[in-house]
Amino acid sequence: MHIVLDETAMAAAGQGNVLASRLIHRAHAESGWFLYAPACALVEAERARPGTAEHLAALPGITVVHLDLAAALTVAREETWAAAHSQYAAQPTPDRPDGAIVATTVPKRWEGEPVRVLDLNP
């Protein structure tokens, strides 16, 4: 299971969201569960809730997705870098042929976008 946390999911994790906490636990404790934190979304989560970025980056079950050249070129064309980097990180890759699911607390934001969504609202 490959899951990309958008900035709303990251901020929710910092506020004790039960579903986000379960994802983090599974990524740490269970084989085959992977969580990704796109760097641009991590910046926005930090702005919304100071301390979030450092906390999430320190967790062993979360992989920070860096802004490489291909991601930067894609993200630069969009209005919201956090959402654009999250969407970019969720696209299929050789390691993840089916792509990843975007975890969010604002699922409506992803309507019409080519990503699968996991709603973290209880």
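This is a predicted model: local features need pLDDT of at least 70, side-chain atom pairs count only at pLDDT 80 or more; totals for chains, interfaces and linings use all residues.
**Exercise 1. Work out whether the radius of gyration of the protein chain agrees with that of a compact globule.**

Start with the length: 122 residues. A compact globule of that length would have a radius of gyration near 14 Å. The protein chain has 13 Å, so the two agree. For the box, go along the principal axes: the C-alpha atoms fill roughly 35 × 30 × 25 Å. As for burial, 42% of the residues count as buried. Now take the contacts with a separation of 6 or more: 65% of them join residues 24 or more positions apart.

**Exercise 2. Describe how helix 3 and helix 6 meet.**

Find the axes first: helix 3 (residues 39–48) and helix 6 (residues 81–90) come within 7 Å and cross at roughly 140 degrees. Next, the hand: this crossing is left-handed. Then list who touches whom. Helix 3 brings Ala39, Cys40, Ala41 and Glu44, while helix 6 brings Trp81, Ala82, His85 and Ser86. Sort that set by class and you get five nonpolar, two polar and one charged residues.

**Exercise 3. Is Thr52 buried or exposed, and which residues is Thr52 in contact with?**

Skip the neighbours within four places in sequence, and Thr52 is in contact with Met10, Ala11, Ala45 and Glu46.

Definitions and conventions:
Residues are numbered from 1 along each chain as its sequence is written. Side-chain values use heavy atoms; hydrogens and water are left out. Contact means heavy atoms within 4.5 Å. Axes are lines fitted to C-alpha atoms, for helices over the stretch in contact, and angles run from 0 to 180 degrees between N-to-C directions. Helices (H or I, at least four residues) and strands (E, at least two) are DSSP runs, numbered from the N terminus. A crossing is left-handed if the near helix is turned anticlockwise from the far one by less than a right angle, and right-handed if clockwise. Ala, Val, Leu, Ile, Met, Phe, Trp, Tyr, Cys and Pro count as nonpolar, Asp, Glu, Lys and Arg as charged, and the others, Gly among them, as polar. The radius of gyration is taken over C-alpha atoms; the globule rule is 2.2 Å times the number of residues to the power 0.38. Buried means under 20% relative accessible area, exposed over 50%, partly exposed in between (1.4 Å probe, protein chains only).
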